[in-house]
Amino acid sequence: MQYFATSTLPSSQQTDCVTVAVFEQGELSPSAALVNEQSNGYVSKIIDRGDISGSAGETLLLQDVTGLESPRLLLVGCGKKDETTENQFNTAIGAMVKVLDSSGADDATSYLSEIKVKSRTNEWKVRQTVITAESNLYKYNQTKPSVKATIQPINKITFFSADSSIQSASDSGLAIANGMSLARELGDLPGNVCTPTYLADQAVELGKRYNSVTTTILEESDMAELGMHSLLSVSRGSREPAKLITMNYQGAGDDRPVVLVGKGLTFDAGGISLKPSQGMDEMKYDMCGSAGVFGTISAIAELNLPINVIGVVPSSENMPDGDANKPGDIVTSMAGKTIEILNTDAEGRLILCDALTYSERFNPEIVIDIATLTGAIIVALGRQATGVFANDQSLADDLLKAGNDSHDRVWQLPLWDEYQPQLDSNFADIANIGGKEAGSVTAACFLSRFTEKFTWAHLDIAGTAWNSGGKAKGATGRPVPLLVQYLLNRIEDKK
Ligand code: BES
Ligand code: MN
Ligand code: ZN
């Protein structure tokens, strides 16, 4: 879809559909009031009749309204006037786009950016509109070709704005949305298609698409030479060869890079500590950390951001097999620390620890790992917030802020040394599980043992990367908005 800006008032705008906001208690947005005036009170009449109450996400499509150049007028409910929340704004935009896409209109002009959303700027509303619109139009079709639409889909949305600077907000929104769609597609693909080899191929493609991105792939033999026996122990139980993918985006000469490490477990059966069969299909999403890295790299490459970012993706399956890890096995990580594998289902940390050690060679300014690491984070935070842990409070603060800015929010959990003894092992330097208490914290504690040499944060996205079960099952594209926002803020702060 294409996005543009206009400063033309709704009555004279040449478009297939004008969309304006209406609020609870019959209140009108400035554009709705204008249209109401031009149509001799038609909008108020319909509201008085009770056909739309103004609550967020309600819509009413009207045809051939007097006084409008446009053949269609879409009323969109946005909640209480002057009190629309971010969530209500997104709900309204999502509803608007769905109606537009099935209305027969080829293009539309949205006057929803004029409404007040807390303290959000015009740029924020425009960017959010693009992201939410694209998210709502995303259709997975690689293994399920969508039926050909019989109605003209929406192709172009124009925003009303007095200043033209919003074009750049719209462009960054589109790049973020494209990154999210890439992440969702990789996530939604089944485990028999999206294997470590497939991810490696996608990374090579990304390197071909952008001159600024250089991709390298390490094979199992390369990893063995580096001593990555923790990572390799996970992949030994699978017939799919593991890959260690590096995507190097260079946008700022020789600045120290931000390294993003994404868990790329293309299917997590649990290994010998086999998972229950109920819902196990969703463990194809166990590579969503890596999908977030792919999406972020593609967004910043599309935007040509002046920053250096390296994506590191350890990718493997976790399967039960005669050669798989067994509970009690001890492996030696690349860092030289021995690990007692008490539960083969705690495999994410086993592949991440070696990827984190590997990251040291890039002399990173910051390392952030992104992983669907623990079911416990869903118990703690539900599906609203990503969990963040950090060995540096200012990095945690920056991520909390980026989460607020992008409305792709994170919540911090503790990484106190009081939790560390839960990982003590009688037979190795460290155990790979910390018992039933504070499972997300002890998982982060495990990673912290391999990140002492740099400034690091860990994002546990097990609750936020996909919608579980039922009709809504599917990847969300999170945390691409968060990560791109973090990088954008970093660039701003350095100016
Ligand atoms: N990939 C899972 C975490 C997960 C579980 C994400 C459910 C989303 C939904 C991870 O590899 C795992 O199995 N973690 C275990 C750790 C436990 C064995 C200490 C878990 O959370 O149960
Ligand atoms: Mn697991
Ligand atoms: Zn896993």
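Guide: Start with burial: a residue is buried under 20% relative accessible area, exposed over 50%, and partly exposed in between, using a 1.4 Å probe and protein chains only. By that rule, both Asp268 and Glu347 are buried. Keep these two in view.

Some ground rules come next. The model is predicted, so local features need pLDDT of at least 70 and side-chain atom pairs count only at pLDDT 80 or more, while totals for chains, interfaces and linings use all residues. Residues are numbered from 1 along each chain as its sequence is written, chains are lettered from A and ligands numbered from 1 in the order in which they are written, and side-chain values use heavy atoms, with hydrogens and water left out.

Take the zinc ion (ligand 3). Its protein donors are Lys263 through NZ, Asp268 through OD, Asp286 through OD and Glu347 through OE, at 2.0 to 2.4 Å. A donor is an N, O or S atom within 2.8 Å of the metal, or 3.2 Å for Na, K and Ca; water is not among the atoms, so sites may look incomplete. Six donor atoms surround the zinc ion (ligand 3), the angles among them run from 77 to 178°, and the site is octahedral. That label needs six donors, with opposite ones over 155 degrees apart and all others between 65 and 115; the opposite-donor test with four donors gives square planar, four with all angles between 85 and 135 degrees are tetrahedral, and anything else is irregular.

Along the chain, the donors of the zinc ion (ligand 3) are spaced K-x4-D-x17-D-x60-E. Helices here are DSSP runs of H or I with at least four residues, strands are runs of E with at least two, and both are numbered from the N terminus. Lys263 counts as buried because its relative accessibility is 2%. Glu347 is buried too, at 1%.

Now the manganese ion (ligand 2). Asp268 (OD), Asp345 (O), Asp345 (OD) and Glu347 (OE) coordinate it at 2.0 to 2.2 Å. The angles among six donor atoms run from 69 to 166°, and this site is irregular. The donor spacing for the manganese ion (ligand 2) is D-x76-D-x1-E. Asp268 coordinates both metals, which are 3.2 Å apart. Asp268 in strand S10 and Glu347 in the loop between S13 and H10 are 79 residues apart, so this pair also links distant parts of the chain.

Step into helix H10, where Ala355 is found. Ala355 is buried, with a relative accessible area of 0%. Leaving out residues up to four places away in sequence, Ala355 touches Leu244, Val261, Val312 and Pro314. Contact means heavy atoms within 4.5 Å.

Val261 turns up again around Asp369. Asp369 is in strand S14 (residues 366-371). Its relative accessible area is 0%, so Asp369 is buried. With the sequence neighbours up to four places away set aside, Asp369 touches Val261, Leu352, Leu356, Leu447, Trp456, Ala457, His458 and Leu459. Leu459 lies 90 residues from Asp369 in sequence, yet 6.1 Å away in space, C-alpha to C-alpha.

Rings next. The structure holds seven aromatic pairs. One of them joins Tyr358 and Phe362 edge-to-face, with 5.7 Å between centres and 85° between planes. Pairing takes Phe, Tyr or Trp rings (for Trp, the six-membered one) with centres within 6.5 Å; planes under 30 degrees apart are stacked, over 60 edge-to-face, and the rest tilted. Tyr358 is buried, at 7% relative accessible area. Elsewhere, the charged end of Lys337 sits over the ring of Phe450, 5.5 Å from its centre. The test is NZ of Lys or CZ of Arg within 6 Å of the ring centre and within 35 degrees of the ring normal.

Last, a backbone check. Ala438 has phi near 50°, a positive value in a residue other than glycine. Ala438 is in the loop between strand S17 (430-431) and helix H13 (439-448). At 30% relative accessibility, Ala438 counts as partly exposed. The peptide bond from Arg478 to Pro479 is cis, with omega near 5°. Pro479 is placed in the loop between strand S20 (474-475) and helix H14 (480-494).
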